[in-house]
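Let's take a friendly walk through a protein model together. Keep the picture at hand and look up each part as we come to it.

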Amino acid sequence: MKVLVINAGSSSLRFQLIDMADETVLAKGICDRIGLNDAFVEYENYKGHKKIFKSNLKSHEEAAFFVKGLLLNDEYGVIKDLTEISAAGHRVVQGGAEFSKSTLIDQKLINAVERFTPIAPLHNSANLHGINACKEIFGEDFPQVAVFDTAFHSTIPPKAYIYPLPYEFYEKYGIRKYGYHGLSHYYVSNECAKLMHKDIKQTKIITCHLGNGASIAAIDCGKSVDTTMGFTPTDGMIMGTRSGSLDPGIITFVAERENLSLKEFNAVINKKSGLLGVSGVSSDAREIEKAAEAGNERAILAQDMFRYQIFKVISSYIAVLGGCDAIVFTGGIGENRVEHRRAICDSLSFMGVNINDNLNEQTVNGSTAEISEKNSSIKIFVIPTNEEIVIARDTAAVIESLEK
């Protein structure tokens, strides 16, 4: 079985074609800056052929047809006919409380994803574009599966997901913590259990997905019991351009004085805040690190805030779990920024957490490793995430269940 994995963003479409017989990635790439004048496509196949194309892609549908041409290309394609592809699996960010597992896509599911779009507008609308693009290419009857980012967090208990607002808002509008990055938290926690040679059902793990978007999850016996992102992906800790959790009084205070509408203030906390807003340098951790090393005080402050919030969340989640076997770092920052990992773990030294500096320095650029000292009370791991293989495996499982 060959599964086409689609991860559609607001102006991008990431793809992988995976042969599930041995989980070989036959081809992968990204169509980026869709709808803009400088759109481009990066493509690579399992034979090592790499291509970069400049293309005027006006929509996700056009991007999907471009991908179709790449996969079928006589020179660097990897299939002879579209019928070789058994199904498409889509990352769908927001599935609400209705979807606690990956599900075959039908009109009812599409209607639900549309209904949840106001909660994650950039993500869900893009996900729907990806689904519609595959319909155009493969036909209405082609099997497609939605793999929800929120599904992994459906095990969070009410005491952690209900907000202290009038309960009618939960009943009428579904206002609650949903959590995001579920595919990543699920994948790295399971990989961590394997590395510890333990059954996931006998572990307590804290996973830190740290990138431009960032979240931390407390995972007890393989199940998410709390996470930092909430009703929307804006909640939680400081991120690249997102504020994370705020005193709600700030919204009305600033909006009144700056004459901002709620929509305008929402743009501020999603696109102009976080590491960018504090540092004034960039949303990119690499650029902030350079500025901090050069003595930029706001860049230093942004780094300190980022590390402090992670330390604070990890400490509280150790209490929530009643102990912890392992802390996992993943995502672009988690996998590569050795100074962040060191500072965070050093802050946890009062709990007996002890990082190995040499292993920490060596573990970058896609490396998987335990980076803790042997005497560390909690093991520390760096595990690159792989959301695409989670999507592919879930898609194959759903399709196989239909064939039985």
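## A covered strand and its neighbours

Start with strand β6, which spans residues 85-92 and is mostly covered, with seven of its eight residues buried. Keep in mind that this is a predicted model. Strand β6 has a partner in β1 (residues 2-8), and the two pair in the parallel sense over five bridges. To find this pairing on screen, look for Val-3, which stands opposite Ala-87 in β6.

Strand β6 also pairs with β8 (residues 144-148), again in the parallel sense and over five bridges. Here the landmark is Val-92, with Phe-148 of β8 standing opposite.

## Zooming in on His-90

Now pick out His-90, which sits in strand β6. Is His-90 buried or exposed? Its relative accessibility is 1%, and a residue under 20% is called buried, so His-90 counts as buried.

Which side chain makes a polar contact with the side chain of His-90? The partner is Gln-144, at 2.5 Å. Leaving aside residues up to four places away in sequence, His-90 touches several others, including Ile-6, Ile-105, Cys-134, Val-145, Val-147 and Ile-391.

## A sheet of six strands

Next, move to an open sheet formed by six strands, arranged in the order β11-β10-β9-β12-β14-β13 with mixed pairing. Its edge strands are β11 (223-227) and β13 (369-370), and each of these pairs on one side only. Within the sheet, β9 (residues 204-210) and β10 (residues 214-220) run antiparallel and are joined by seven bridges. One of the residues to look for is Lys-204, whose bridge partner in β10 is Asp-220. Here is a handy rule for looking at any such picture: in a regular strand, side chains alternate between the two faces of the sheet.

Helix α6 (residues 182-195) lies across β9, β10, β11, β12 (326-330) and β14 (379-382), and runs at about 130° to β9. Helix α11 (residues 297-321) lies across β9, β10, β11 and β12, at about 160° to β9.

## A helix with a buried face

Helix α8 covers residues 262-271, and its residues Phe-265, Ile-269 and Asn-270 are buried. Where do the buried residues fall when you look down the axis of α8? They lie within an arc of 135°, so they line one face of the helix. These buried residues pack against α7 (249-258).

Before the last stop, a piece of background: most residues other than glycine have a negative phi. Arg-33 is not a glycine, yet its phi is positive, at about 60°. You can find Arg-33 in the loop between β3 (24-32) and β4 (40-45). Its relative accessible area is 33%, so Arg-33 is partly exposed.

His-197 is another non-glycine residue with a positive phi, in this case near 55°. Look for His-197 in the loop between α6 and β9. Is His-197 buried or exposed? With a relative accessibility of 73%, this residue counts as exposed, because the cut-off for that word is over 50%.

Key: Residues numbered from 1 in each chain as written. Predicted model: local features only at pLDDT ≥ 70, side-chain atom pairs only at ≥ 80, totals over all residues. Heavy atoms only, no water. Pairing = 2+ DSSP bridges. Helix = DSSP H or I, 4+ residues; strand = E, 2+ residues; numbered from the N terminus. Contact = heavy atoms within 4.5 Å. Axes fitted to C-alpha atoms, helices over the stretch in contact; angles between N-to-C directions. Buried < 20%, exposed > 50% of the residue type's maximum accessible area, 1.4 Å probe, protein only. Arc of directions from axis to C-beta. Polar contact = N/O pair within 3.5 Å; in protein donor to acceptor, adjacent residues only side chain to side chain.
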